[in-house]
Structure formats: structure tokens, C-alpha cells
Amino acid sequence: MRKQIYLDNAATTKVKKEVVKEMEKYYLENYGNPGSLHKLGEKAFEEISKARAKLAKEIGAKVGEIYFTSGGTESDNWALLGLAGGNPNKKTIIASSIEHPAVMEACGYLFNQGFKIIKIKVNNEGIIDIDELERELIKNKDVLLVSVMHVNNIIGVIQDLEEIGALCKKHGVLFHTDAVQGFGKLEIDVKKMNIDLLSATAHKIGGPKGIGFLYIKEGIKISPLIYGGGQERGLRSGTENVPGIIGFAKALELQKKVNKKKIEKIRDKIMISLEKIGGKINGSRKRRIWNNVHASFSGVLGENLVVYLSERGICVSAGSACDSKKKSEDRVLKAIGLPRELQEGSIRITLGEDISKKDADYVIGEIGKAVGKLRI
């Protein structure tokens, strides 16, 4: 039986063995509560402090600006809802039209609370309209926050955070970015990019699920979402997920060693080959993360293609496994002007470091067969 080829790394990644081994110590040996005064508690506190420092260094932040959360969704929600609670005099939020549902749904909640939500268009490559953003910043004087994701989770397009951050600073507006897909994979400098809040998570880089962080620039007024024992400097209560935090830092360490150029070459080969069999590559080719392929095939349903490939040991995504995922996928593809037929015939391939040229050849061949058989 052929080995399974996992190409859904934008959804989640396999936890690396070294990460599991590192985490195991904090389940079985150093299992103390970081808030306890005894030696096991002090050891746990010391280790999560070291992990916090490593994660902060990755984005050029101060150690005290990193607040651990349960993952990207909580971080995104906290950024928007926490700022809204801490800054009640500003009632306008600006976001791109292709944000993750964690941002969009939080915006929807705030809209129902009386906030004005402005969605900035993207072009057919998925790049935000920076001129429209500036026009809205000039027109609206009570903007609390601009939220633009670093790398789109569906089409893999990279936004120019430095340009957006400079614009926000010019107009005296806070800037949040959902960096869940970019953290550890692309360079991020929160000072240089004028980023005030940043969301990240471990399970996109070979770490465990259920742990993430929100970077909050020193001095920003933000309300807690979770109340209790006052952990995370009083802003995010709940006993710290010590094994998860340790695993997050270890995953980042290993992620920095990944051969991105090798993966990018294989990604480019897949894109060129899919075009040869009638596929359309969606999103910018130039400003695209190195492991993402998003392609559409006319006359083929994406979910049928996913099932066909799964039966042959290939795991890809159609973004439509449930209604909420399909809604998110359709919104992004509609925003870049993709016709309905191509929206429905799309698949996302996100490569991991274990991908080989042989694997890529097999995947390309099976997609070619599938398109021929499944075309309506």
C-alpha cells in the first residue's frame, strides 16, 4: 500500500517527534503549576519564561509583550474584542475582505454592538487595495483598528505588512495582523512593520494544537476576554499550558531549519504541471508563501477531487468539508473575482518539508487522472 502524502499543512501540521519528546518531560516530570511556589512550580515558570523569550525574539518583540492563548482564534478574538472593550470611544474597525473567519466573525459581533465595520477590497491576485485603505483612514476619524492577515490561509498570498503598518502609524490607528500562516515561515519584525498586535499559533509549524500567543505592544489598552486567577500579567487567566508552550518554542526552533527553497521548487513544479492539465492558479504567484498551491479546474467539483485523491493516499483540501469552511472559501475566492464554476472546482495543496519530487510526480499524475474522470 502506498504511503500517505499529506498536503494539508495550512490546516494543521504533524507534530514533530522532537516536539513531543520535549513536551513529554512537562507532562511526566516537570509537571508543576507555574503559579506554585515550590520547586516544581518554579521550574515550570522558568521554562515557560525561556519559551516566551524565544517566541518574542522571532518577531522582534519584548518578552513581556507575548501573552499565551489557546491558539489563533482566541488571539484574533481577543485582539478585536479586547481593544473594543479597552477603547470605548472609537467605534470603527477596518479589515481586508479576505480575513480569516476568526477576525470576520469577531467583526460581525462588534457590528451587532454598534461598531462600523469597513472591508477593504483586494485585487484579482489577492493583494489589498492600499489606496482604498488610505481613503477610508482619511474619511473615518474614529478608526480603532486595522486588521489585515499576513498570509491568506486559502490562497497563500502575502500582504505587505510594512506598508500597511506605516499607513496605520501615519493616521494614528492600531494595526493587528493574523500571522498564523506566516509566523516562523517568513520574516516578521513588529517594530519595523509598526505592528501593534499579532496572532500566532503552534500547530501550523509542527507544534501542538491548543497553544498560541497574542503579541500586544507595550502600552496598548486592552481588556481581558477570560477572567480568573490573573495569569499572563492579569490579562489572560487560566493555568498556563506548560507542555504546549514548551512545544511551541521547540517547534519554532525546528521550523527555522526547514529547507524552504527545496519546497518552493517543488511547489513551482506542481503549479506549472497543474496549468498544463487545465488548472488555473489562484492568487499572486510572486507574493505567495513558499508551500501553497491553490488551483481551480472547470467542470470538476473540488470536494469530489479531494475524495478521489484521498482514496489514493493524497490529502489535500477543498475548503468545503463543512458549511462554515465553504462559506469562508467562497468569500475569499469571490473577493479575487473567481467565477462560481472555478470557486466550486478548487483545491488547496500546502506542502510539508517531507515532500519529495517523486511524491510531487505522483500527485500531479493522480490529479490529471482525476480531472479527466470527474469532469462533468
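Serine 97 is found in the loop that runs between strand S3 (92-96) and helix H4 (101-112), where helices (H or I, at least four residues) and strands (E, at least two) are DSSP runs numbered from the N terminus. With a relative accessible area of 14%, serine 97 is buried; the term buried stands for under 20% relative accessible area, exposed for over 50%, and partly exposed for values in between (1.4 Å probe, protein chains only). When residues up to four places away in sequence are not counted, serine 97 touches Met104, Lys119, Ile120, Lys121, Val122, Arg331 and Ala335, a contact being defined by heavy atoms within 4.5 Å.

The structure is a predicted model, in which local features need pLDDT of at least 70 and side-chain atom pairs count only at pLDDT 80 or more, whereas totals for chains, interfaces and linings use all residues. Residues are numbered from 1 along each chain as its sequence is written, and side-chain values use heavy atoms, with hydrogens and water left out.

The protein chain as a whole contains 12 helices and 12 strands. For its 376 residues a compact globule would have a radius of gyration near 21 Å, and the value of 21 Å computed for the protein chain agrees with this; the radius is taken over C-alpha atoms, and the globule rule is 2.2 Å times the number of residues to the power 0.38. The C-alpha trace spans about 65 × 55 × 35 Å along its principal axes. Of the 376 residues, 57% count as buried, and among contacts between residues at least 6 apart in sequence, 72% join residues at least 24 apart. The protein chain exposes about 16800 Å², of which carbon and sulfur atoms supply 52%; accessible areas come from the Shrake-Rupley method with a 1.4 Å probe, and for residues only the protein chains shown count as cover.

Side chains of opposite charge can pair when their charged atoms come close. A salt bridge is here a side-chain nitrogen of Lys or Arg within 4 Å of a carboxyl oxygen of Asp or Glu, and by this rule the count comes to 26 salt bridges. In one of them, lysine 191 is paired with glutamate 65, their closest N and O atoms being 3.4 Å apart. Because lysine 191 lies in the loop between strand S6 (174-178) and strand S7 (197-201), and glutamate 65 in the loop between helix H2 (39-58) and strand S2 (66-69), the pair ties together parts that are 126 residues apart in sequence. Lysine 191 is partly exposed, at a relative accessible area of 39%, whereas glutamate 65 is buried, at 2%.

A salt bridge also joins the side chains of arginine 285 and glutamate 275, at 2.7 Å from N to O. Arginine 285 belongs to the loop between strand S9 (280-281) and strand S10 (292-296) and glutamate 275 to helix H8 (residues 260-276), so this pair ties together parts that are 10 residues apart in sequence. Arginine 285 is partly exposed, with a relative accessible area of 36%, and glutamate 275 is partly exposed at 36%.

Arginine 340 and glutamate 344 form a further salt bridge, with the closest N and O atoms 3.2 Å apart. These two residues are separated by about one helical turn, because they are 4 residues apart in helix H11 (residues 340-344). Finally, Lys43, Glu46, Glu47 and Lys50 are linked in a network of salt bridges.
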